[in-house]
Amino acid sequence: MSIAKQFNRVFMPAITKESYGEFNLYGKLREVILGSSQNMRLPQLSEDIRATYHSVMQHELFDMCDKAGGQLLSESYPEFLAGLQKETQALAKAYEQFGVKVHFAREMSESEILACQPTADFTQVFAAEPLWVVGRNVLENVWASDVAWASIEPVRERHQPFIDDDHNILHYTAPRPTTQRDYIYEGGDVLNLGDGRVLVATGPSSTNQRGAQWVKRMLEHDGYQVTILELPEVGIHHLFAVMCVAGPKLVIAYEDAFPAGLPECMSDFDVIWANRAETRATGPCAVMLDHQHILMPESTPRLNQLLAEKGVTPVTVPFEYHAKLSGGIRCKTSVIRREIC
């Protein structure tokens with residue numbers, strides 16, 4: 001049993017070495033991993049992929065997969081790949097300007113990919129997906145599809161030295177689903193509010209109820225208060241794509257995902273509501289650099305202005321190509337170290 005402590009009103013079940021993990025989402029960011037797009041192979045639109053992801057795929061991505069499923073992005077859409085790489089470099093530069101150490105996830109070879117999953121259809125663009133860190137809890141994903149299983153290794157290997165060196169860090173892997181898809185857990189459905197409260201969402205294309213109950217039990221063992229939400233079908237993938245933390249008591253949220261307002265457990269939070277176009281542009285999937293600065297896409301000027309009016313300074317980067325893959329800045333970023341203030 002951990003001994004929970006409050007530091008500057010941040011819930012900390014234990015102190016980790018070198019500020020490993022994320023005890024809140026607004027302290028000073030120190031070290032991250034960014035995903036790679038060079039070896040992306042567009043998924044083939046099988047019945048399974050269509051059933052799971054059709055409602056959340058951007059139209060352009062669906063068309064690309066329909067025309068070139070199974071092909072490397074570098075061969076079928078080299079201009080799109082160049083756009084992704086340019087945005088990745090802009091994001092890395094923005095992090096580095098704020099003193100954040102940036103790693104790039106090692107690109108997996110085709111033989112490594114096929115050793116981990118049944119097909120070579122693969123993406124490791126979004127480094128946050130393989131594992132998600134809540135406080136000191138490292139929680140590895142179990143996806144509904146096979147296109148990202150091989151992406152775990154290059155992200156885990158960056159986290160592993162910290163895990164190995166600190167007995168206070170807890171490392172879990174969710175049960176891998178059977179053919180009945182009994183367990184599906186995706187870290188993008190977990191939002192740490194920083195004060196001991198955590199939201200876990202379920203949705204038709206991501207975490208299911210059993211997966212949500214699994215992560216709830218893991219975090220409750222560490223003293224967290226976990227609320228499970230069932231998000232309505234709004235055509236957006238993951239909780240972190242419809243809500244992100246923009247300060248100790250401030251969030252950006254997609255209005256259609258929360259038709260009755262913020263969850264009751266967040267009655268003390270202020271909110272900046274995003275419309276559909278802003279959400280499609282990944283506005284509610286931002287990353288705080290520290291308690292005064294937030295990384296935002298250039299294509300959400302209204303949200304960026306509203307944040308400035310709240311005293312939070314937006315640092316903007318181009319992110320249109322990644323948005324077409326239904327992923328935002330937070331999806332792209334696996335956080336290794338963040339201070340609590």
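A: Contact here means heavy atoms within 4.5 Å. The model is predicted. Start with Asn39. Leaving aside neighbours within four places in sequence, Asn39 is in contact with Leu72, Glu107, Met108, Ile113, Phe122 and Gln124. Asn39 sits in strand β4, residues 36-41. Its relative accessibility is 11%. Buried means under 20% relative accessible area, so Asn39 counts as buried.

Next, Met243. This residue is in strand β13, which covers residues 243-247. Met243 is buried, with a relative accessible area of 0%. Not counting residues up to four places away in sequence, Met243 touches Leu191, Leu199, Val251, Ile252, Ala253, Phe258, Leu262, Pro263, Met266 and Pro284. Thr282 is 39 residues from Met243 along the chain, and their C-alpha atoms are separated by 9.9 Å.

Last, helix α4. It runs over residues 78-97 and has 20 residues. From first C-alpha to last, α4 reaches 29 Å, close to the 28 Å expected at 1.5 Å a residue. An α-helix has 3.6 residues a turn, so residues three or four places apart point the same way. The buried residues of α4 include Phe80, Leu84, Glu87, Leu91 and Ala94. Also buried there are Leu81, Gly83, Thr88, Ala92 and Tyr95. After the helix comes Gly99, with a positive phi near 75°.

Definitions and conventions. Residues are numbered from 1 along each chain as its sequence is written. This is a predicted model: local features need pLDDT of at least 70, side-chain atom pairs count only at pLDDT 80 or more; totals for chains, interfaces and linings use all residues. Side-chain values use heavy atoms; hydrogens and water are left out. Helices (H or I, at least four residues) and strands (E, at least two) are DSSP runs, numbered from the N terminus. The expected span of a helix is 1.5 Å times one less than its number of residues. Buried means under 20% relative accessible area, exposed over 50%, partly exposed in between (1.4 Å probe, protein chains only).
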